[in-house]
Amino acid sequence: MKKILLLLVSVFFTLSIFGQSEINYSPVYTVTKVGDTLTMKFQYNKGDGGDLTLAQFDFEYNNKLLSYISSTSQAPTGASYARNNWTGYKFNPKADTSEDDMDVQYTWWKDEAGNASYSTSADWSVERTTIQTSAAYTDGNEFVKYQFKVKDKFNSGYDNYNNIIKVNWANYQKADGTKIQTIKSPSTQSLSGIEGGNAGTFTINLKTANSAKTDYSYTIKNGAGESVATGNFDESGQASISGLENNVTYTAQANLTEGAEYLDEVVTVSDLALVFAEAIGAGSGPSGGSTTFDYFVQDIMADVVGDGGVVDFQDSYEILAYLQGVTSGNTNLITQDGQTEDYSGIASTYGAVANDVVTFAKSFTPIDSDATSKTIDLAHGLVGDVNFSHSYTPVVESGGKSTSARQSSARYSKTQSEDANIDLISEINDEGQVVFSINSDVEGMVGSQFNIVYDPNVLSLENVIFDTGNTMTNFSNIVQDGIVRVGSFDQNFETTVKEGTPYKLIFTPLETIENTSGLISFRVKEGVKADGTKINFIIQ
């Protein structure tokens with residue numbers, strides 16, 4: 001029993017000599033975004049350690065992610081306080097030991113390692129604090145507060161804010177010089193959930209049926225409606241943007257230039273047929289009854305008058321008048337030469353319907369932890385382009401009209417297309433005129449359109465001869481110098497274009513010519529059937 005008692009006394013004596021304390025370091029409050037001020041407090045957790053009168057500790061911080069602002073001593077009045085700092089160094093802890101054991105690491109630096117205890121490192125800075133006081137520190141007393149600014153990690157070489165501050169060693173002593181065993185808590189300090197900062201490269205992919213992608217521009221605005229980035233898409237329909245911030249919501253829109261030379265090709269007789277069919281079917285928007293459209297967005301594209309997505313005979317009249325070259329008294333939104341009417345939005349929700357409203361969501365938020373948020377597909381459409389010849393066709397499920405909502409008859413039903421052959425003959429007649437004949441054996445066309453391009457310096461258009469049928473509405477008009485629009489349409493969807501030679505154009509040469517090679521070509525050549533099927537003419 002005596003031996004056991006002596007052993008217990010020896011154990012208690014050892015514990016009293018080697019009582020353990022902590023150097024604790026932690027943020028005063030939570031930081032959430034780049035640019036915030038991180039305030040770190042360093043304090044004494046007494047534990048079963050002694051009354052501390054000398055505290056010396058050394059820590060390092062990542063200067064690529066934090067920039068030093070200030071340090072403020074929290075030592076008692078009359079205490080001695082010193083701060084030392086060195087930029088471009090990093091501590092090398094003793095191998096095969098615990099990095100949390102502050103006494104081991106202190107001895108390693110003080111008595112063992114010499115110059116090996118630190119090495120140069122441009123990413124790190126070392127801070128050292130020394131405090132000596134006659135009034136012993138009590139549990140929880142603070143040594144010092146440091147303030148750092150949280151820097152943007154973009155181009156820093158670091159992917160996160162882990163392990164950005166670490167205490168290297170500590171030297172705690174009582175008034176008589178007795179060492180107080182010390183550990184650190186925590187092992188390192190990290191920041192999580194930091195928002196903001198440069199988003200890096202952000203990519204926009206343009207979605208449209210138009211092949212001329214470089215004719216489109218993008219505009220990105222911030223929450224205040226201010227433009228923060230503009231530019232043009234490349235030939236593949238892609239644009240790379242820099243300077244956006246993470247966790248900030250922006251809007252994006254795409255626009256087609258009003259100077260594109262093919263704008264008179266966007267709205268054609270095929271679109272006219274679809275709009276007429278919808279007007280006849282009384283489709284009146286997302287909440288209407290019967291409809292001939294396949295997508296809700298077609299209500300928006302067909303509303304060239306601009307009365308809230310209502311498609312009626314006003315809209316079909318405007319398109320018919322436009323194709324005939326008649327200037328209407330109404331202001332219309334038809335995409336045409338020198339005029340574009342754009343709609344754009346995030347492709348995944350483009351044309352979706354919520355509460356009977358067609359939506360074009362434009363908002364996006366780059367998020368550093370989500371690589372997929374650094375790319376968006378931006379869909380674009382044009383008013384009047386009801387058959388999507390130069391526009392994006394919606395893919396979102398709620399953007400399509402149900403079969404029950406559409407008319408059950410196959411008539412006026414789809415935006416489908418098929419190919420058909422036509423024959424062209426260009427010859428010089430006995431009077432020296434150039435006769436350009438369009439020959440067709442295509443059956444069932446309720447409409448057709450040809451945008452014919454000729455050299456106005458060599459040829460002058462004198463006449464257009466129609467042989468399409470007795471009740472067809474025929475039209476021809478000079479779109480611009482050297483381009484004439486010729487076609488036909490039956491708004492009752494009953495009379496079809498006569499087979500044979502429905503169109504002849506008569507030109508007078510302005511100079512002596514031997515042949516007509518290269519003088520006449522097409523920009524638009526299409527027909528449409530009663531069910532809305534577009535016919536793509538192939539020249540034989």
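Predicted model: local features only at pLDDT ≥ 70, side-chain atom pairs only at ≥ 80, totals over all residues.
Local features require pLDDT of at least 70 and side-chain atom pairs pLDDT 80 or more, while totals for chains, interfaces and linings use all residues. Residues are numbered from 1 along each chain as its sequence is written, and side-chain values use heavy atoms, without hydrogens and water.

Nonpolar cores were defined as sets of buried Ala, Val, Leu, Ile, Met, Phe, Trp, Tyr and Cys residues joined through side-chain atoms within 4.5 Å. Buried denotes under 20% relative accessible area, exposed over 50%, and partly exposed in between (1.4 Å probe, protein chains only). The largest core comprises 49 residues. Ile 204 and Ile 220 have the most contacts inside it. At least two core residues come from each of β11 (202-207), β12 (216-221), β14 (238-241), β15 (250-256), α3 (269-281), α5 (313-324) and β20 (375-382). Helices (H or I, at least four residues) and strands (E, at least two) are DSSP runs, numbered from the N terminus. Helix α3 gives the most to this core, with 7 residues.

The whole structure holds 34 aromatic pairs. Rings of Phe, Tyr and Trp (its six-membered ring) pair if their centres lie within 6.5 Å; planes under 30 degrees apart count as stacked, over 60 as edge-to-face and the rest as tilted. Tyr 61 and Phe 148 form a tilted pair, at 4.7 Å centre to centre and 50° between the planes. Tyr 61 lies in strand β3 (residues 52-62) and Phe 148 in strand β7 (residues 142-150), 87 residues apart. Both are buried. Phe 450 and Phe 537 have ring centres 5.4 Å apart and planes at 5°, so this pair is stacked. It joins strand β23 (residues 445-454) to strand β29 (residues 534-539). Phe 450 is buried at 2% relative accessible area, and Phe 537 is buried at 5%. Ring pairs also link a cluster that includes Tyr 25, Phe 42, Phe 57, Tyr 61, Phe 148 and Tyr 172.

Charges also sit over rings (NZ of Lys or CZ of Arg within 6 Å of the ring centre and within 35 degrees of the ring normal). The charged end of Lys 90 lies over Trp 124, 4.0 Å from the ring centre. That of Arg 485 lies over Tyr 322, at 4.6 Å.
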